[in-house]
Amino acid sequence: MLLNSKLGYYALFLSIKFAISHMRKKWIVGNWKMHKTPAEAKAYFEVLPVFLQKNMKARVLIAVPFPILLPAFQMANHLGIEIGAQNMHEMPSGAFTGEVSCEMIQDCGGSFVLLGHSERRQLFQESDASVHRKLKRALSCGLQPIVCIGETQEERNLGLTQRVLLRQIEEGFGDISSEEASKVILAYEPVWAIGTGSSATPDMAQEVHSMCRQMLKSRWGDLTASQIPILYGGSVKPENVRDLMQEEDIDGVLVGGASLDAESFAKIIYY
Ligand code: PGA
């Protein structure tokens, strides 16, 4: 009897977990990096609707430079596209010349923020500790965080991929609760694939995504780990997006170069 009820609970738990992992939405996130003036953004959003069909099967977001957050929001909102930022400061306000706060991003219509992009880590010395402080801030002010992780070519060659990703997840997420962790999006972006034209193969990406999900599971539990979307980024283009999206643990893509052209981004949206 006891065994039966235990088995029953376990079966229920498994079916909830299965349902959640199949309910995870798909995400297409553009990253414009330091590209597009307000005029260029306007031209983009004038052309984009030509390529959009009624139903988008994924949530579509674009991370734009700070000066075009507000105009991009005003032009993209009615298309069902969310706008967000590529970085933010960890404090709400203060004497931090050149920085932008979570509240400022939200007030301009931003709904999400990229944190710890490899270009921020490599070119602006962003550490896991600072990614963690920014993550806490984004969570407390209600901005959807997309935490980027990824190994360099050298680290991969040395067989350090797992160790690097584990450190980036453990130190970047830090002491956040399971409830907070379930609000984070993780983006795996191997540094060697960013802007190089050579993407990870779907198999390679799936292998790492499943490894990341195991890491999330062992720290925040099965249910939370199954709720966290894991996106792949690095030379995603219309030609390879579909195969990547077929993989079980690839819940979406983070797209740099191929998001800059409206027609190519639309092809990715309707992969
Ligand atoms: P890419 O950039 O698509 O141009 O490789 C991805 C990223 O840096 O987010």
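**Notebook: helix packing and ligand site**

I began with helices H6 and H8, whose crossing is right-handed. For handedness I took a crossing as right-handed if the near helix is turned clockwise from the far one by less than a right angle, and left-handed if anticlockwise. I was working on a predicted model, in which local features need pLDDT of at least 70, side-chain atom pairs count only at pLDDT 80 or more, and totals for chains, interfaces and linings use all residues. Residues are numbered from 1 along each chain as its sequence is written, and side-chain values use heavy atoms, with hydrogens and water left out.

**Entry 1: H6 and H8**

I looked up the limits of both helices: H6 covers residues 128–141 and H8 covers residues 161–173. Helices (H or I, at least four residues) and strands (E, at least two) are DSSP runs, numbered from the N terminus. The axes of H6 and H8 come within 7 Å and cross at roughly 45 degrees. Axes are lines fitted to C-alpha atoms, for helices over the stretch in contact, and angles run from 0 to 180 degrees between N-to-C directions. H6 and H8 are therefore oblique to each other; angles under 35 degrees count as roughly parallel, over 145 as roughly antiparallel, 65 to 115 as roughly perpendicular and the rest as oblique.

Which residues meet here? From H6 I noted Asp128, Val131, His132 and Leu135, and from H8 Arg167, Gln168, Glu171, Gly172 and Phe173. Contact means heavy atoms within 4.5 Å. By class, I found three nonpolar, three polar and three charged residues in the contact of H6 with H8. Ala, Val, Leu, Ile, Met, Phe, Trp, Tyr, Cys and Pro count as nonpolar, Asp, Glu, Lys and Arg as charged, and the others, Gly among them, as polar.

**Entry 2: H8 and H10**

I then followed H8 to helix H10 (residues 202–220), where the axes are 11 Å apart and the angle is about 40 degrees. H8 and H10 are therefore oblique to each other, and their crossing is right-handed. Thr161, Gln162, Leu165, Leu166, Ile169 and Phe173 of H8 make the contact with Val208, Met211, Cys212, Met215, Leu216 and Trp220 of H10. This contact has 10 nonpolar, two polar and no charged residues.

**Entry 3: H2 and H3**

Helix H2 (residues 38–51) and helix H3 (residues 69–76) have axes that come within 10 Å and cross at roughly 10 degrees. H2 and H3 are therefore roughly parallel to each other. I listed Ala41, Lys42 and Phe45 in H2 against Ala72, Met75 and Ala76 in H3.

**Entry 4: the ligand**

How many residues surround the ligand? I read off 13, the closest being Lys33, His117, Glu189, Gly195 and Ser235; a residue is near a molecule if one of its heavy atoms lies within 4 Å of it. A side-chain N or O atom of glutamate 189 is 2.7 Å from an oxygen atom of the ligand. For glycine 256, a backbone N or O atom lies 2.8 Å from a ligand oxygen.

**Entry 5: lysine 33 again**

Lysine 33 sits in the loop between strand E1 (27–31) and H2. Its phi is positive, about 50 degrees, although lysine 33 is not a glycine. Most residues other than glycine have a negative phi.

Definitions and conventions: A polar contact is a pair of N or O atoms within 3.5 Å; within protein, one must be able to donate a hydrogen and the other to accept it, and residues adjacent in sequence count only if both atoms are side-chain atoms.
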